[in-house]
Amino acid sequence: MVLTDKLGKPIYKANTHFMNGKHKLSLDNPSVSSATDRRKRRLGWWACSLALLFVTAGILAAMLAQEPPTQAVAMRVDNRPVVAVARAKRGTLTQWTVARGIAEAVRKSYLHIETAGIVAEIGRDETGVPLREGSFVHGSKPDGQSGQLLLRLDDREARARLEQAAAERQRTDRRVEGARAAFDRARQEHERTGALASRGIASRKAAEMAEAVFRTAEAELEAARAEVELAAAQSRQAQIVLEKMTLRAPFDGRLSLINVRVGDYVEVVAGGSHVTREKTAAAILVNEDVFEIALNLPWPDAKDLAPGQDVLASGSAEAVWNAATEGANRSDVATGKIWSVSPSIGLGSRAVQIKVRVRGGTIKDGMLATVWIAGARVHNATLLPESALMHSEDKPFIFTLMPDSSMVDKRQVEVGLNNHTHVAIGSGVEDGELVVVTGQHLLYDGMVVRLAGEHSSKAENLALTTGVGGARNRPTPERQR
């Protein structure tokens, strides 16, 4: 028998059971029966999953049981921070200003031919080899000796004009000689006739004629002398034209560029920028004794600079760094001084132009050079590596290693000049004390440290650990404080 609700949905089902010889009536709720079945099914799945896990764990336990037991392993444990130290020492410290600029030879000449023509000859060096880039040539001497020939144009026409001028000069010289002889005779006749006329021996008319001949001879002599001067000027002009057709070294140096060859036609070129002059020059001659380097520095860096301050320069930044920090002379570093300091700030660059002149080293014309300018300097000062300094609230401090101890001491210091590697300390540290230079960011006042390269002692740092896992580092008493 089935009981239903108002909508006809079954609620209870009446069942008859026969138990122990008696009939019993039971009521079943269908919805309750289905929920119970679902719970039973879920419990079954969980039971299966747990059984699988237990089986897997048993297999793993059996496999691990076959592994040999882990032996005790000795491990060193040291929580002390590792630091490096340097010793404070006394010395001289120089503050440097660093800049870069293009080096240019002080004696550098862009050689241009002064007249147009065809190149007929290229000069030769002392060994007879035609001149080329890198050839050394000798310049003119104070005694008037001309410099070494670099090139010569076709000068046949110029030589012909010079010879013609020389011939005209000889002709005028002979005319002057004839005019001078005629002048001397006319002068003597004029004097004699005048004396006779004064005594009444010669007529007055004869005296006047003698005077006229004398005046004519004098004019002829002056005209002959004028012709001589004109011929001399023409000869000099022809000589100058001939000299302009040859290019000679104005000073001792090396040829950095030759732009012409035999047979080339060259023209007179007006001056211009360095780039234009380099392209149009017949040759470029460089004297490598002294180089000038122009630097542009901001006003704060340049305001304390003055001519005469020491300078180091090199094409290698590392070389000049080593020379400045080590304070030793190096063959690859040039030395010199500030040559000039501009009194104004450039409108375009907004910088002050500083020119330095240096000698020696490996500086080359046109090289980009690194320049170190020596500024303020202190002597017998306590010096520390700049890496030793720390700052807190804009106050510098350091960590020193206490004598006969591994404990550090935090100290406030007074800082003076620095030179990119070291700093002068006014107070706070004494000469010879050990100062921490690396690892100080891990430290605090009174902390125990270990020096780089120092081995830990067994009594302090030996710990035993067994099994698969490892022992954890325990904080030292100092860090616990």
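Which residue in β15 is the bridge partner of Ala105? It is Phe291. I'll come back to that strand.

First, the ground rules. This is a predicted model, so local features need pLDDT of at least 70, side-chain atom pairs count only at pLDDT 80 or more, and totals for chains, interfaces and linings use all residues. Residues are numbered from 1 along each chain as its sequence is written, and side-chain values use heavy atoms, with hydrogens and water left out. Helices (H or I, at least four residues) and strands (E, at least two) are DSSP runs, numbered from the N terminus.

Back to β15. Strand β15 covers residues 291–297. Five of its seven residues are buried, meaning under 20% relative accessible area. Exposed is over 50%, and partly exposed lies in between, with a 1.4 Å probe and protein chains only. Strands pair if DSSP finds at least two bridges between them. Three bridges join β15 to β6, residues 89–105, and the two run antiparallel. Seven bridges join β15 to β18, residues 352–359, also antiparallel. There, Leu295 has Ile354 as its bridge partner in β18.

Next, an open sheet. Four strands line up as β7-β14-β12-β9, with antiparallel pairing. The edge strands are β7 (108–111) and β9 (136–137), each pairing on one side only. Two bridges join β9 to β12.

Now helix α2, residues 156–199. Its 44 residues reach 65 Å from first C-alpha to last. The expected span is 64 Å, taken as 1.5 Å times one less than the number of residues. Its buried residues include Leu162, Val176, Phe183 and Leu196. The buried residues pack against α3, 204–244, where contact means heavy atoms within 4.5 Å. After α2 comes Gly200, with a positive phi near 85°.

Last, charges. A salt bridge is a side-chain nitrogen of Lys or Arg within 4 Å of a carboxyl oxygen of Asp or Glu. The count comes to 26. Arg161 and Glu157 make one at 2.8 Å, N to O. They sit four residues apart in α2, so about one helical turn separates them. Glu157 is exposed, at 53% relative accessibility.

Arg171 and Glu227 meet at 3.8 Å, N to O. This pair links distant parts of the chain, α2 and α3, 56 residues apart. Arg171 is partly exposed at 37%; Glu227 is partly exposed at 25%.
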